[in-house]
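Here is a short report on one protein chain. Look at the sequence and the model first, then read on.

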Amino acid sequence: MDSGTNSTAAALAVNAPDEAADESRRGFVKKLTVTTLGLGFVAAVVESFRFLKPNVLYEPSRIFKVGEVSQFPFGSRTVIEGKGVEIIREKDGIHAISLVCTHLGCLLNSIGNDPEIGYACPCHGSNFTLKGEVLGGPAPRDLPWYEMYMDNTGTLVVDASKVNHKRTKLAV
Ligand code: FES
């Protein structure tokens, strides 16, 4: 009887470190599982919020202010940097003309010292009059004029999303 009790006690003493190791391993696996699930949940929430925000590339507005009338004296030609537009003020009004070549889209140079040529394309040699009509070269169409108006603060605004087909000047 005593020897049986002793052998059981000895067996328990031998198994105790194994059980402690098992318990420790189980605890580690449990923590690893909880951490992994937690990180997965956080990632899913973050991705869900990112999904709600549209993944689009915003283009700059085609409607932009160019300044007050006083900035454009009679007879002036003013290139609006970064917009591909020139503002021309004449005695009978002001208008905005595209500086983008109708051939392949190069930016035109304004020609100020030649009464015949208003614009020249540096890429393939198209020329346009000051009103934007094609004079020569591969350009297939005249340069468009854009709609222009004055807002309620007295600032001139160009709407390059709308072509001024009638080529009317804004009386200012
Ligand atoms: S892009 Fe102007 S002539 Fe070709």
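Predicted model: local features only at pLDDT ≥ 70, side-chain atom pairs only at ≥ 80, totals over all residues.

Residue numbers start from 1 along each chain, as its sequence is written.

**Whole chain**

The protein chain has one helix and ten strands. Helices (H or I, at least four residues) and strands (E, at least two) are DSSP runs, numbered from the N terminus. Along the sequence the pattern is α-β-β-β-β-β-β-β-β-β-β. The radius of gyration is 38 Å, well over the 16 Å that the globule rule gives for 172 residues, so the chain is more spread out than a compact globule. That radius is taken over C-alpha atoms, and the rule is 2.2 Å times the number of residues to the power 0.38. The C-alpha atoms fill a box of roughly 125 × 40 × 25 Å along the principal axes.

Buried residues make up 16% of the 172 residues. A residue is buried if 20 or more other C-beta atoms lie within 10 Å of its own, exposed if 12 or fewer, and partly exposed in between; C-beta atoms are placed from the backbone.

**An open sheet**

Four strands form an open sheet in the order S5-S6-S7-S8, with antiparallel pairing. Strands S5 (109-110) and S8 (134-136) stand at the edges, each with a single partner strand, so one side of each lacks a neighbour in the sheet. Two strands pair if DSSP finds at least two bridges between them. Two bridges join S5 to S6 (residues 119-120). Asn109 stands opposite Ala120 in S6.

**The core**

The largest nonpolar core has 20 residues. Such a core is a set of buried Ala, Val, Leu, Ile, Met, Phe, Trp, Tyr and Cys residues joined through C-beta atoms within 7 Å.

Ile97 is among the residues with the most contacts inside the core. Leaving aside neighbours within four places in sequence, Ile97 is in contact (C-beta atoms, placed from the backbone, within 7 Å) with Val85, Glu86, Ile88, Gly132, Leu143 and Trp145.

Arg167 is found in the segment after S10. Most residues other than glycine have a negative phi. Arg167 has a positive phi of about 55° although it is not a glycine. Arg167 counts as partly exposed, with 13 C-beta neighbours inside 10 Å.

Notes. Contact = placed C-beta atoms within 7 Å.
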